[in-house]
Amino acid sequence: MISALAWVRKGAAAEKPTTYEMTEEEYTRIQGIAALEIEDAKKELKEKSKLDDEILNDPALKDFDLDKYDDSDHGSDQEEAEGSAHVFSKIKGLSYYKEGEEDPYITFKDGEEDLEEDEADEVRIFGSDNLLLVAKTEDDISNIEVCVFEGESDNLFVHHDFMLPAFPLALEWLDYRVGRKAQEPGGGSYVAVATFEPRIEIWDLDTMDGMYPDLVLGCMDKKQLRKCRGKPHAEFHTDAVMSLSWNKNVRNLLASSSADTTVKLWDLNTGKCVQSYDHHKDKVQAVQWHPTEPSVMLTGGYDQRVAAFDSRAPNAISWWTMDADVESILWDIHSPSHFFVATEAGTVRYFDIRNVTNGQGAAPIYTLVAHDEAVSAMDQHPTVRGLLVTGSADETVKVWDVREHRPSMVISRNLDVGSVFAARFCPDEPMLMAVGGSNGESRIWDMSTNADVRSTFGDATVRAVPVAEKPLVGLQKDEDVDDDEDDNPDAVIAEMHGDVMQPLEAKPSDDDDEEDDDDDDDDEEEDAAMASDSE
């Protein structure tokens with residue numbers, strides 16, 4: 001399942017990502033994090049041991065002697081010693097060599113510099129490449145795939161990834177340096193990740209094989225979290241973090257919304273919560289900073305309400321009531337005094353933030369019945385006015401023309417991603433849209449080649465030039481990029497049967513059999529005629 005997507009603009013990523021290195025400072029930082037986790041694990045183990053003792057002391061189980069269940073009387077110590085000798089009989093010795101040249105098992109010494117250069121070329125990210133961040137969960141394992149999109153060749157592949165502690169709910173890219181590189185000059189490339197855990201992890205995208213995030217926002221004490229689970233707290237979240245929004249004007253501020261009914265403001269310099277808002281009465285599904293007003297934000301929740309307020313005066317709130325739970329919110333970047341609200345009922349509503357009386361917002365300018373099910377994804381074209389895209393649990397992606405406040409559907413497509421959970425326009429190639437959904441596949445759709453989109457939003461010169469629509473772009477499969485089939489179970493089985501690389505022949509149908517019989521009869525008649533002529 002793909003639950004969230006985020007683009008990284010061209011040139012923002014380091015050309016040569018570095019490999020994670022364990023420095024003394026990093027070791028100290030990780031040791032502190034690990035110590036907390038170990039302490040929590042010890043407490044959980046102690047509680048489990050108490051439970052085991054209660055089970056073992058159960059009178060009904062005394063006869064089974066479970067304390068000695070794992071003891072083995074088979075074989076002698078001598079047999080075990082002899083058996084263990086055969087396992088390592090060919091090893092020269094478990095010795096430690098300070099210099100690699102002295103180690104007899106390190107035989108590849110020549111050409112090491114060439115190897116390093118080749119490896120550097122393989123991970124190089126060019127200035128013409130975009131990165132697509134994919135929040136993916138498969139078999140209860142969640143990670144962030146950092147994908148490279150080569151626009152010239154329409155090629156998308158996974159560059160590296162990060163393991164996550166829980167199911168991801170939202171991604172937010174930022175170029176503000178935090179953690180280990182906070183004092184370095186220039187911008188960086190980071191991703192903030194919201195998950196079912198009540199914490200926010202911020203990862204450095206320019207570092208591969210990272211063990212831990214560069215910054216964690218929230219409480220690390222699991223015991224304290226268990227005590228106040230789900231109850232609002234002024235300093236940290238106590239339930240799943242559902243949405244993130246980075247303030248591009250005040251760059252050290254990150255806003256988050258949570259299932260604990262609060263919205264929090266984080267200072268990325270200190271890693272601390274500087275403000276907590278509790279105006280919603282249920283889970284807060286979405287939060288977004290205003291594109292031009294640095295202190296104004298918009299929030300929407302499962303209490304079926306949307307709030308707009310100045311973060312410096314949180315008591316002066318304007319409210320709008322919806323017909324269902326809020327799924328997503330979006331400021332209109334072409335008209336910043338307006339905003340969109342997508343709901344679980346499949347509708348999209350458009351409001352004017354200026355039409356407020358005594359804190360109560362006016363009715364929507366228009367209501368768009370967009371989908372049969374919840375509108376779980378929504379994005380707006382950054383440069384083409386009036387182009388809105390929605391995605392839904394009904395497995396469709398729809399393009400809308402909302403100019404002049406008269407919305408009309410341009411096209412509806414099923415992109416084979418299952419229920420649509422994420423849809424994002426590319427910041428550099430605005431007619432490119434990435435879409436992800438429940439079947440774990442992501443697709444990149446080039447709308448600039450779609451006839452309906454061109455005829456609706458293109459000018460006369462664009463409409464006059466017909467073009468062939470490009471196919472959807474997806475991630476490369478392993479078999480597409482790896483010539484070594486040894487790890488492919490199907491290929492191994494086929495090779496064992498001697499039919500590797502042999503195409504499967506289609507089973508002939510009855511009609512084909514009849515045609516073959518007719519051909520055979522014709523051949524026999526021809527052979528008989530030739531035989532009579534020769535006689």
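This is a predicted model: local features need pLDDT of at least 70, side-chain atom pairs count only at pLDDT 80 or more; totals for chains, interfaces and linings use all residues.
Residues are numbered from 1 along each chain as its sequence is written, and side-chain values use heavy atoms, with hydrogens and water left out.

Let's start with the salt bridges. The term covers a side-chain nitrogen of Lys or Arg within 4 Å of a carboxyl oxygen of Asp or Glu, and by that rule the count comes to 18. One of them pairs Lys10 with Glu429, at 3.2 Å from N to O. Lys10 lies in the loop between β1 (2-8) and β2 (18-19), while Glu429 is in the loop between β29 (420-425) and β30 (432-437), so this pair ties together parts that are 419 residues apart in sequence. (Strands are DSSP runs of E, at least two residues, and helices are runs of H or I, at least four, numbered from the N terminus.) Lys10 is partly exposed at 30% relative accessible area, and Glu429 is partly exposed too, at 37%. Here buried means under 20%, exposed over 50%, and partly exposed in between, with a 1.4 Å probe and protein chains only.

The loop between β1 and β2 also holds Glu15, whose partner Arg124 lies in the loop between α3 (112-123) and β3 (129-138), so the two tie together parts 109 residues apart. Arg124 is partly exposed at 22%, and Glu15 is partly exposed at 44%.

Next, look at Arg349 and Asp323, which form a salt bridge of 3.7 Å, N to O. Arg349 sits in strand β21 (residues 347-352) and Asp323 in the loop between β18 (313-321) and β19 (326-331), 26 residues apart. Arg349 is buried, with a relative accessible area of 15%, whereas Asp323 is partly exposed at 37%. Elsewhere, salt bridges with shared partners join Arg9, Asp175 and Arg251 into one network.

Finally, there's a surface patch of negative charge made by Asp372, Glu373, Glu395 and Asp416. Patch residues have over 30% relative accessible area and no salt bridge, with like charges joined within 9 Å. Within this group, Glu395 is found in the loop between β26 (387-392) and β27 (397-401). Glu395 counts as partly exposed because its relative accessibility is 34%.

Note on methods:
Patches are made of residues with over 30% relative accessible area and no salt bridge: like charges are joined within 9 Å, nonpolar side chains (Val, Leu, Ile, Met, Phe, Trp, Tyr) within 5 Å. Accessible areas come from the Shrake-Rupley method with a 1.4 Å probe; for residues, only the protein chains shown count as cover. Lys and Arg count as positive and Asp and Glu as negative; His and the chain ends are not counted. The place of a charge is taken as NZ of Lys, CZ of Arg, CG of Asp or CD of Glu.
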